Amino acid sequence: MKYIELPTYTLNIVRAAKSMSMKEKPAPHPGKGQVRIRIRYAPCNPSDISFIQGRYGFQKPLPATPGFEGMGTVIETGEGTESLDGKRVSCFSQYESGGTWSEEFITSASNCIPLKDDMPDEQASCFAINPFTAYALFHRVKNRHQAVILNAAGGQVSRLFAALACEAGIEIIKIVRKTEVDTGSGDEQRHVINQHDADFLPRLKALASSLNATIALDAVGGSMTGDMLNNMPAGSQVIVYGGLSGKPLGNIHILEIVFGNKTITGFDLNQWIGSLAKDEFHDISQKLQEMFIRKKLTTKIQGIYPLGNFEKGLFRYIKNMSAGKILFSPVIDPGVRTGPPPQV
Ligand SMILES: NC(=O)c1ccc[n+]([C@@H]2O[C@H](COP(=O)([O-])OP(=O)(O)OC[C@H]3O[C@@H](n4cnc5c(N)ncnc54)[C@H](OP(=O)(O)O)[C@@H]3O)[C@@H](O)[C@H]2O)c1
């Protein structure tokens, strides 16, 4: 099978990408509780970039294959996983030695989400992580807060969250770093502000106060966390779920925490999944897939690249993340099922 090999972790992403290459080796067989998946599409996410840079929450032994999620068909089952044989699945990896930027991927059956027949392949490849994150964050906000602040508002978690929140009538203050960014649902009624504008902080404060935005979802970290927290009403909360700035949380005024009774907490999808009751994840997956099938939720995809062209795809994504995900495909097929985005 062909796969992408990362020989070493390198902070400079351009150098890291140039060090990576497509290799070939015999496909491994699944062990007990595992399946072998023939990958059709696998996206590039911010977590993949952090992983390649060696900045993710953990490192795998090198050489490693990147790719934390994807979709494909189960072509071999290990002991106890026979019910998944031949099934189309979304899949994700955590500590497995392999990754999804590969023709084939071995993972635990519990890391597979069986797909409904009408769930489009491209959307399914980005299904295992972001939609569940957006759903979980939405349920932290729903019925508790009138208005929410989102940064990285052109990102896919934010857009999915906004689609859910918009329907629930929650006001959204969207922070972007480029004016032309499309942030999805309901922009006409929502409040989009640019973090680079000179009046960013006073505008943020005025909006947070007038809309009573008492929660912020933070994908950026760095000084942005303090910028938001310091300008929110007393009693507000920031949930940090990403670290796109690559910097520690900063600029947090102590008096806001002490006298403003403001809090900062984190969110981790794996811990949230671990907290669900039996069958709850399955029920949520069914509900979310229905929303994708009915196009109430969509992950924006800007292009599909053959796996061997990963470097081109990676650079295009890094240059404009808000334009949507890049998918890598070991089997680019002109007959893509759903009004396909450009294949490059
Ligand atoms: N905690 C969890 O369990 C969990 C689960 C899923 C995702 N996440 C995290 O959620 C974050 C968003 O993921 P995603 O898939 O939605 O991302 P995405 O779709 O790839 O989009 C990233 C967005 O962030 C913006 N951005 C990038 N770097 C930035 C910076 N330094 N300052 C401000 N904005 C920046 C991009 O804007 P440009 O267009 O200007 O580049 C783009 O709008 C990531 O950090 C990811 O790791 C966490």
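The questions below go through the labels one at a time.

Analyst: Note that this is a predicted model.

User: Why is V258 called exposed?

Analyst: Exposed means over 50% relative accessible area. V258 has 53% relative accessibility, so it counts as exposed. Its place is in helix 8, residues 254–258.

User: What makes the nonpolar surface patch that includes V258?

Analyst: I254, L255, I257, V258 and F259 make it, with about 560 Å² of surface. Patch residues need over 30% relative accessible area. V258, at 53%, passes that cut-off.

User: What is said of the phi angles of D279 and K295?

Analyst: D279 has a positive phi of about 75° although it is not a glycine. K295 also has a positive phi, about 65°, and is not a glycine either. D279 sits in the loop between helix 9 (269–275) and helix 10 (280–293). K295 is in the loop between helix 10 and strand 14 (301–306).

User: How do you know that helix 2 is mostly covered?

Analyst: Buried means under 20% relative accessible area. In helix 2 (residues 46–53), 7 of the 8 residues are buried. They are S47, D48, I49, S50, F51, I52 and Q53. Their cover includes helix 1 (13–19), strand 3 (34–43) and helix 11 (310–319).

User: What follows helix 2?

Analyst: G54 does, with a positive phi near 80°. The loop between helix 2 and strand 4 (69–77) also holds P63.

User: What makes the L62 to P63 peptide bond cis?

Analyst: Its omega is near -5°, and the bond is cis.

User: Why is the pair K300 and D182 called a salt bridge?

Analyst: The limit is 4 Å between a Lys or Arg side-chain nitrogen and an Asp or Glu carboxyl oxygen. The closest N and O atoms of K300 and D182 are 3.2 Å apart, so the pair is a salt bridge.

User: How many salt bridges cross the interface of domain 1 and domain 2?

Analyst: The rule finds 1. Domain 1 covers 2–127 + 299–329, and domain 2 covers 133–270.

User: What area is buried between domain 1 and domain 2, and which residues supply 50% of domain 1's part?

Analyst: The buried area is about 790 Å², with 47% from carbon and sulfur atoms. T299, K300 and S322 supply 50% of the area that domain 1 buries against domain 2, more than any other three residues.

Notes
Residues numbered from 1 in each chain as written. Predicted model: local features only at pLDDT ≥ 70, side-chain atom pairs only at ≥ 80, totals over all residues. Heavy atoms only, no water. Patch = residues over 30% accessible without salt bridge, like charges linked within 9 Å, V, L, I, M, F, W, Y side chains within 5 Å. Areas by Shrake-Rupley, 256 points an atom, 1.4 Å probe, with all protein chains shown as cover. Helix = DSSP H or I, 4+ residues; strand = E, 2+ residues; numbered from the N terminus. Buried < 20%, exposed > 50% of the residue type's maximum accessible area, 1.4 Å probe, protein only. Domains from an automatic or database assignment. Buried area = accessible area lost by both parts, 1.4 Å probe. Contact = heavy atoms within 4.5 Å.
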